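Have the structure open as you read.

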Amino acid sequence: DEIYGRKHGADSYQSLTGQPMFLGQKSNALFASMNMILRYRYTYDKKYARRVYPYLLAVADFWEDYLEYENGRYVINNDSFGEVGPWQKNGWQKGYGDRNPITSLGFLRVFFKAMIEISDDLNADRKRQAAWRHILAHLSDLPTYDDRARGRKRFRACDGGSGSALNRVGLDRIMLHALVFPAPNIGL
């Protein structure tokens with residue numbers, strides 16, 4: 001048997017079951033929620049909000065549980081800024097382990113603000129809003145790097161960890177898409 005053209009074994013895709021999945025990224029469900037949130041914000045259609053709210057609530061459940069509160073701020077550990085997988089050949093597992101990827105933090109800011117809005121609009125889960133407000137008020141800042149050579153502060157892919165994005169700085173196309181669209185953290 002072959003899976004994706006590879007024989008079963010220690011390096012097969014099948015061996016990933018139970019291992020870090022989803023290309024190492026925890027932000028995929030958040031990313032999917034951005035279009036739902038934007039559609040809601042453009043239309044304020046309560047019928048649509050009721051239809052997508054169960055999905056959004058499940059995403060909120062995950063992040064409320066996954067975020068770690070450390071030294072007065074919420075942090076994201078063992079996430080991946082970029083996609084990580086066996087196609088990267090030997091040692092690909094070392095790509096896991098980013099701390100506070102900028103994309104995940106950007107999505108979370110938009111997400112929990114929207115959860116409060118939708119919760120109010122649907123008159124649902126208002127008791128959970130205190131937790132969502134606490135997350136928003138204490139979420140880690142977007143990671144930056146002090147670029148002394150250019151005399152400016154630049155965005156960084158993540159603020160630490162052992163993952164593949166540790167030393168990536170700047171506003172490359174992936175960060176640009178995440179922070180401008182679909183998660184409007186940065187505008188004109």
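## Ground rules and overall make-up

A residue counts as buried under 20% relative accessible area, as exposed over 50%, and as partly exposed in between, using a 1.4 Å probe and protein chains only. This is a predicted model, in which local features need pLDDT of at least 70 and side-chain atom pairs count only at pLDDT 80 or more, while totals for chains, interfaces and linings use all residues. Residues are numbered from 1 along each chain as its sequence is written, and side-chain values use heavy atoms, with hydrogens and water left out.

The protein has 5 helices and 8 strands, where helices (H or I, at least four residues) and strands (E, at least two) are DSSP runs numbered from the N terminus. Read from the N terminus, their order is β-β-α-α-β-β-β-α-α-β-β-β-α. Of the 188 residues in the protein, 42% are buried. The accessible surface is about 10,800 Å², and carbon and sulfur atoms hold 51% of that area; such areas come from the Shrake-Rupley method with a 1.4 Å probe, and for residues only the protein chains shown count as cover. Contact means heavy atoms within 4.5 Å. Among contacts between residues at least 6 apart in sequence, 63% join residues at least 24 apart.

What is the relative accessibility of Tyr53? Tyr53 lies in helix H2 (residues 46–66), and its value of 7% places it among the buried residues. Setting aside neighbours within four places in sequence, Tyr53 touches Met115, Ile118, Ser119, Leu122, Ala124, Asp125 and Trp132. Tyr53 and Ala124 are 71 residues apart along the chain, yet their C-alpha atoms are separated by 9.6 Å.

Two packed helices are described by the angle between their axes and the distance between the axes. Here axes are lines fitted to C-alpha atoms, for helices over the stretch in contact, and angles run from 0 to 180 degrees between N-to-C directions. The axes of H2 and H3 come within 10 Å and cross at roughly 130°. That makes H2 oblique to H3: angles under 35 degrees count as roughly parallel, over 145 as roughly antiparallel, 65 to 115 as roughly perpendicular, and the rest as oblique. The H2 and H3 crossing is left-handed, meaning that the near helix is turned anticlockwise from the far one by less than a right angle, whereas clockwise would be right-handed. On the H2 side the contact includes Tyr53, Leu56, Leu57 and Trp63, and on the H3 side Leu108, Phe111, Met115 and Leu122 are among the partners. The residues of this H2 with H3 contact divide into 13 nonpolar, 2 polar and 4 charged. In that count Ala, Val, Leu, Ile, Met, Phe, Trp, Tyr, Cys and Pro are nonpolar, Asp, Glu, Lys and Arg are charged, and the others, Gly among them, are polar.

## H2 with H4, and Gln129

H2 also packs against H4, at an angle of about 60° and with the axes 12 Å apart. These two helices are therefore oblique to each other, and H2 passes H4 in a left-handed crossing. Tyr53, Leu57, Ala60 and Glu64 of H2 meet Ala131, Trp132 and Ile135 of H4. The residues of this contact comprise 6 nonpolar, no polar and 1 charged.

Gln129 belongs to helix H4 (residues 129–138). Is Gln129 buried or exposed? Gln129 is buried, with a relative accessible area of 7%. Leaving aside neighbours within four places in sequence, Gln129 is in contact with Ile116, Ser119 and Asp120.

## H1 against H3

Helix H1 (residues 28–43) and helix H3 (residues 102–122) have axes that come within 10 Å and cross at roughly 45°. That makes H1 oblique to H3, and the crossing is left-handed. Among the residues making the contact are Leu30, Phe31 and Met34 of H1 and Phe107, Val110 and Ala114 of H3. The contact of H1 with H3 divides into 11 nonpolar, 2 polar and 4 charged residues.

## Loops and the tail

Most residues other than glycine have a negative phi, and most peptide bonds are trans. Asn123, in the loop between H3 and H4, has a positive phi of about 55° although it is not a glycine. Asn123 is exposed, at 58% relative accessible area. Asn78 sits in the loop between strand E4 (73–75) and strand E5 (98–99), and its phi is near 55°, also a positive value.

Asn185 is found in the segment after helix H5 (173–180) and is partly exposed, at 29% relative accessibility. Its contacts beyond four places in sequence are Gly106, Arg109, Val110, Ala178 and Leu179. Asn185 and Arg109 are 76 residues apart in sequence and 7.8 Å apart in space, C-alpha to C-alpha.
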